[in-house]
Amino acid sequence: MKILRKIKDKLKKIVPSRLGSLKAKKKKASAKSPAACVTTKDIPGFQETIAVNTKFSHPEDTRPRSSMPNELPVSYDQDKIVLQVRDPRWLHTYWELRNQTIEGLKSSLGDEFYRAKKILRVYDVTNIIFNGSNANSFFDIQYNDFATSWYIDTAGPGRSWCVDLGLMLIDGRFITILRSNVVSTPLDGPSWITDEEWMIPEDVFARLYGMGFGLGKSSPVGGAWQQRLKQGLFSSGVSSSPVRKAVKERSFWMKVDCELIVYGATEPDAKVTVQGQPINLRPDGTFTLRYYLPDSKQVIPVKAVSADKLEERTITPIVTRETR
Amino acid sequence: MHGHLPFVRHPEHENFLEEDWLYEAITETYVPLISVFEGLVRDNIDFRITMTLSPTLISMLSDQLLQERYLKHINKLIELSEKEMERTKWQEDFRRLAEMYFHKFSYARDTFQKYNNNLVYAFKKFQDLGKLEIITCGATHGFFPLMDVCRESVRAQVKVAADHYESVFGRRPSGIWLPECGFCPGHDEILREAGIRYFFTDSHGLLHGTPRPKYGVFAPVYCKGTGVAAFGRDLESSKQVWSSIEGYPGDYNYREFYRDVGFDLEFDYIKPYIHPDGVRINTGIKYYRITGTGNHKQPYVADWARDRAAEHAGNFMFNRQKQAGYLNELMGKPPIIISPYDAELFGHWWYEGPMWLDFLFRKVACDQKEIRMITPSEYLAENPRNQVITPSFSSWGYKGYSEMWLQGTNDWIYRHLHTASGRMSELTRSYPRAQGLLRRALNQALRELLLAQSSDWAFILGTGTHTSYAVRRTKDHLLRFNRIYEDIKSNSINENWLSDIEYKDNLFPNIDYQVHQ
């Protein structure tokens with residue numbers, strides 16, 4: 001679901017002049033109707049967790065079940081928006097609004113609340129101390145009623161970002177409900193900044209750069225990062241394998257093999273050999289031997305000698321396996 | 001080399017599948033590595049290797065319950081290999097391999113017992129001899145870049161780890177392997193506070209740093225403002241070992257990982273050695289070599305594999321000599337080449353890996369003079385003057401940043417983790433000098449938070465297969481944390497319940513909740 005959401009979202013840049021001033025209205029009180037929030041079935045793994053509960057739940061029964069829930073709360077009764085960097089291009093944000101915050105907006109905006117668009121406003125705040133109105137630029141993303149998180153394509157490596165969760169009213173006014181932390185996306189290529197003391201000729205750096213990515217001595221700087229991504233060589237975690245597995249050529253298959261069980265019994269204190277090699281008896285004098293049986297003829301003399309060495313018996317099964 | 005496993009310990013279950021991760025790693029990776037080190041010391045071969053032992057791994061290796069369970073596990077394997085020697089009597093190729101496993105497993109048990117069931121002592125021994133440099137990691141391998149909005153938690157991950165390291169090895173750690181190599185500018189300040197002098201980044205961490213690193217990844221840099229050194233990963237040497245396509249481990253003479261008697265043999269026979277529910281699992285006895293790209297596999301021939309490992313070690317050394325020679329000319333000074341790998345690649349996934357490492361150490365020490373092995377501490381002592389830059393945000397995870405741990409299947413965890421971090425800071429502020437039961441509750445709250453933060457859970461969720469355990473662990477630790485938080489706030493800590501989870505999640509006995517600020 002969330003993957004679709006992030007692909008689906010294409011960003012619209014809205015001309016700043018249409019928008020009037022940015023007003024930050026926050027936290028007002030009461031009215032009705034619940035907030036849009038994640039339902040339990042939206043939490044990945046929830047269904048599966050129920051299925052495996054018996055296997056992995058650890059009964060902690062010193063306290064009544066009801067006070068130790070089995071599922072995490074859907075919200076923590078807080079007004080909060082958090083912004084994180086996924087890679088040089090993409091950000092991730094999630095948020096939570098208290099019911100009373102939403103009710104406050106409803107009561108102060110009246111009908112306008114229901115006609116307003118739900119907007120994430122993404123500010124480029126590179127190299128500035130953001131005060132709400134001095135962003136280098138910004139763009140808006142309209143999100144749907146049920147979203148509580150979003151992946152944002154900034155297309156802007158090496159810049160700093162801040163996001164407002166807000167409402168776009170019919171008359172074009174933007175109301176900020178929550179403001180995120182500021183994050184910086186990394187560069188997706190080498191920096192243009194060099195320091196004098198550690199200068200290096202461009203062509204030498206280009207060679208070192210390519211070699212650092214394992215691309216050899218003559219890889220061009222542009223595109224080296226894309227090349228590097230294609231190589232893989234990423235960490236593989238505890239449960240997944242870095243070793244290649246052969247793919248099944250076809251889905252249908254069959255295996256057949258043979259093993260031979262030789263078993264018997266004698267006096268518990270007797271000495272027994274099979275094909276000339278001594279074997280151990282169980283306390284009751286029985287024994288069982290199990291062999292992989294290749295295509296062959298096997299002559300299997302089983303010999304028992306009594307404890308006083310006065311008597312012996314030999315029985316010799318002969319087994320042939322032939323596979324066609 | 002990065003040695004890490006998530007904390008998996010379930011005293012409440014007799015058999016717990018995921019505990020096998022530890023047991024397999026002991027038999028297949030840690031004991032074989034220790035055996036390589038022992039051999040080198042015995043033969044007076046000078047060598048250097050830098051290795052993470054993550055705090056969770058150290059905690060499990062030192063845990064008595066898991067030690068006892070390992071002995072049970074290895075004894076079962078020895079029993080199985082004995083049966084296998086008999087069963088394969090009429091199949092010479094296989095019987096020899098069954099004997100190989102019998103000796104391997106017996107050796108693992110003997111080694112384990114020789115170090116009083118605690119392999120941490122073995123690693124410590126080689127560190128004390130100056131051959132092995134053990135570095136630390138995040139306390140529970142939390143992925144720091146996705147904790148950047150609550151740096152108190154990054155600080156707790158680092159401080160708990162460094163203090164734990166000191167209690168085990170009797171000195172402060174000089175370096176750290178940032179979990180998943182995940183670095184965010186600014187976290188170097190937290191490392192400095194903990195007295196850590198260096199860390200590692202993936203190549204682009206240095207190459208995309210500002211200003212440009214003059215020597216690429218072939219010399220360390222100091223972080224601007226903190227002076228903590230950062231070493232960058234070299235991908236050329238990584239590729240030779242790690243690449244699933246052109247890497248050494250794919251050689252047709254090497255052992256095939258995916259054919260195990262746990263899956264291949266008749267059910268009733270193998271049943272005592274797989275999961276009690278009858279779920280077939282890997283036992284570690286594998287009879288085939290990779291053979292080719294198809295499904296038809298030939299029996300493994302140990303001598304051939306050994307020859308290949310020697311050849312590959314020679315090839316690796318030759319390539320490093322060429323690489324270093326070329327770089328030396330280009331840079332006008334000797335380069336350092338950082339080749340980090342997951343420890344579990346060696347032995348567990350790549351059966352011949354420890355043997356390859358053994359050949360490599362011996363060849364580098366005896367066969368040439370162009371290159372030598374060095375630890376980061378030694379390098380910094382010899383080369384104290386390095387460029388100052390701000391390395392770039394980076395990781396060695398899929399696509400090089402956070403995506404592996406932040407995608408549709410696992411992004412739901414962060415609102416819970418970050419809220420818990422905020423609550424932990426709130427508790428630390430509210431109860432600065434807690435004693436008695438309250439202190440126990442606060443310490444356990446931090447343990448639960450740290451355990452929930454393990455990047456391993458998000459990683460497994462990200463792979464999308466066998467996710468139920470990772471979901472359960474994430475939720476269990478967060479639920480326990482939330483309950484402790486609420487109990488503390490309402491002044492109603494239940495000691496019985498607290499004792500129960502202290503017993504289950506028993507790592508970091510000396511933890512101090514006040515590091516979370």
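Contact here means heavy atoms within 4.5 Å, and helices (H or I, at least four residues) and strands (E, at least two) are DSSP runs numbered from the N terminus. This is a predicted model, in which local features need pLDDT of at least 70 and side-chain atom pairs count only at pLDDT 80 or more, while totals for chains, interfaces and linings use all residues. Residues are numbered from 1 along each chain as its sequence is written, chains are lettered from A and ligands numbered from 1 in the order in which they are written, and side-chain values use heavy atoms, leaving out hydrogens and water.

View 1. Look for helix 5 (residues 119-128) of chain B, which lies across strand 2 and strand 3 (132-137) and runs at about 125° to strand 3. Helix 6 (residues 151-169) of chain B lies across strand 2, strand 3 and strand 4, at about 145° to strand 3. Axes are lines fitted to C-alpha atoms, for helices over the stretch in contact, and angles run from 0 to 180 degrees between N-to-C directions.

**View 2. An open sheet in chain B.** Eight strands follow the order 1-2-3-4-5-7-6-8, with mixed pairing. Strand 1 (2-3) and strand 8 (388-389) of chain B stand at the edges with a single partner strand each, so one side of each has no neighbour in the sheet. Two strands pair if DSSP finds at least two bridges between them. Strand 4 (residues 175-177) and strand 5 (residues 198-201) of chain B pair in the parallel sense over two bridges, and B:Ile176 stands opposite B:Phe199 in strand 5.

View 3. Is B:Ser54 buried or exposed? B:Ser54 counts as buried because its relative accessibility is 0%; buried means under 20% relative accessible area, exposed over 50%, and partly exposed in between (1.4 Å probe, protein chains only). B:Ser54 sits between strand 2 (49-53) and helix 2 (55-61) of chain B. Its side chain makes a polar contact with that of B:His4 (2.8 Å). A polar contact is a pair of N or O atoms within 3.5 Å; within protein, one must be able to donate a hydrogen and the other to accept it, and residues adjacent in sequence count only if both atoms are side-chain atoms.

**View 4. The largest nonpolar core.** Such a core is a set of buried Ala, Val, Leu, Ile, Met, Phe, Trp, Tyr and Cys residues joined through side-chain atoms within 4.5 Å. This one has 222 residues, and B:Phe37, B:Phe123 and B:Trp356 have the most contacts inside it. Helix 1 (residues 20-42) of chain B gives the largest share, eleven residues.
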